[in-house]
Amino acid sequence: MNEHLDKLYREFDQLYRDIGIICAGCKDYECEGYVWLLAEEAETLYNQNIPIVEINEDMHFVHSFEEVDGRILIDKPKPPCILRANGLCTIYGIRPLVCRMYPVGFEYDDGLVRLVLHEDCQFARELQGEDRRSFFQAVIGIFQSVPQELIRRLNDEYAKVYGISIFPEGPNLFEAIASIDSLLTKGGDEHVKVQTCTGLHQGDQDHRQGEEVDRRDRSSSLKS
Ligand code: SF4
């Protein structure tokens, strides 16, 4: 495991050390969405017999997609993660960064990849005022504590994932914490604004419809 990625893991685990009290009352019994992975995370999970899908030979996901006649349906939004059972993550100790960060995540907005706080989580909704501002600073500090090369990789990886992602209808509420660009150039010191996105990112949707996506189930191809 990349030592800097491991540091991000530990920093987010520490940031959310008390979140269990809120999670215990959560009625949202599914983890849904594209669980995308850096290459080394995919390797780690694959070595633990977790089914991984590789798309276009450079994007990796936990394989929670539906399959029809051997074809993986990546165009069904928000597949429930197959690694959750009885309301718990079955790979909790080795879960990837995207899971450890939640409700912080990445969003593509106004031409930039941004770190955001998703408002569909009870923890986020309860985080208000000065606590929210401190939390944002802590998140920015975490990303400032790792080399920029890793931040760039995350930025590039998310941009690729966004390019093939399908988003469900309806509101996607989040507050921007900082753009990745600002983390790289100004240390994350930028104006924080509230974003409310509704519906699909239609332009990207149109682009995706015309693109040839090579879908391969890496787990089965490697096991054969
Ligand atoms: S790996 Fe675990 S935490 Fe991540 S989406 Fe799946 S069940 Fe949830």
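This is a predicted model: local features need pLDDT of at least 70, side-chain atom pairs count only at pLDDT 80 or more; totals for chains, interfaces and linings use all residues.
1. E8 and E9 form a hairpin, with two residues between them.

2. **The turn residue.** Asp-110 sits in the loop between E8 and E9. Its phi is near 55°, a positive value in a residue other than glycine. Is Asp-110 buried or exposed? Asp-110 has 10 other C-beta atoms within 10 Å. The cut-off for exposed is 12 or fewer, so Asp-110 counts as exposed.

3. Glu-57 lies in the loop between strand E2 (52-55) and strand E3 (59-62). Phi of Glu-57 is near 60°, and Glu-57 is not a glycine either. Glu-57 is exposed because it has 9 other C-beta atoms within 10 Å.

4. **The cis peptide bond.** Pro-103 is in the loop between helix H4 (97-101) and E8. A cis peptide bond joins Tyr-102 and Pro-103. Omega there is about 10°.

5. **Gly-87.** Gly-87 is in the loop between strand E6 (84-85) and strand E7 (88-89). Gly-87 counts as exposed because it has 12 C-beta neighbours inside 10 Å.

6. **The ligand shell.** Ten positions need checking here: Cys-31, Val-35, Val-62, Cys-81, Leu-83, Arg-84, Cys-89, Ile-91, Arg-95 and Cys-99 are the residues around the ligand.

7. **Val-62 and the core.** Val-62 is one of the residues around the ligand. Val-62 also belongs to the largest nonpolar core, which has 41 residues. Within that core, Phe-61, Val-62, Leu-115 and Ile-177 touch the most other members. Leaving out residues up to four places away in sequence, Val-62 touches Val-35, Leu-37, Leu-45, Ile-50, Ile-52, Cys-81 and Leu-83. Val-35, Cys-81 and Leu-83 are also among the residues around the ligand.

8. **The whole chain.** The chain has 224 residues, and buried residues make up 26% of them. Its secondary structure comes to 10 helices and 12 strands. Now take the contacts with a separation of 6 or more: residues 24 or more positions apart account for 69% of them.

Conventions:
Residues are numbered from 1 along each chain as its sequence is written. A residue is near a molecule or strand if its C-beta atom, placed from the backbone, lies within 6 Å of it. Helices (H or I, at least four residues) and strands (E, at least two) are DSSP runs, numbered from the N terminus. A residue is buried if 20 or more other C-beta atoms lie within 10 Å of its own, exposed if 12 or fewer, and partly exposed in between; C-beta atoms are placed from the backbone. Two strands pair if DSSP finds at least two bridges between them. A nonpolar core is a set of buried Ala, Val, Leu, Ile, Met, Phe, Trp, Tyr and Cys residues joined through C-beta atoms within 7 Å. Two residues are in contact if their C-beta atoms, placed from the backbone, lie within 7 Å.
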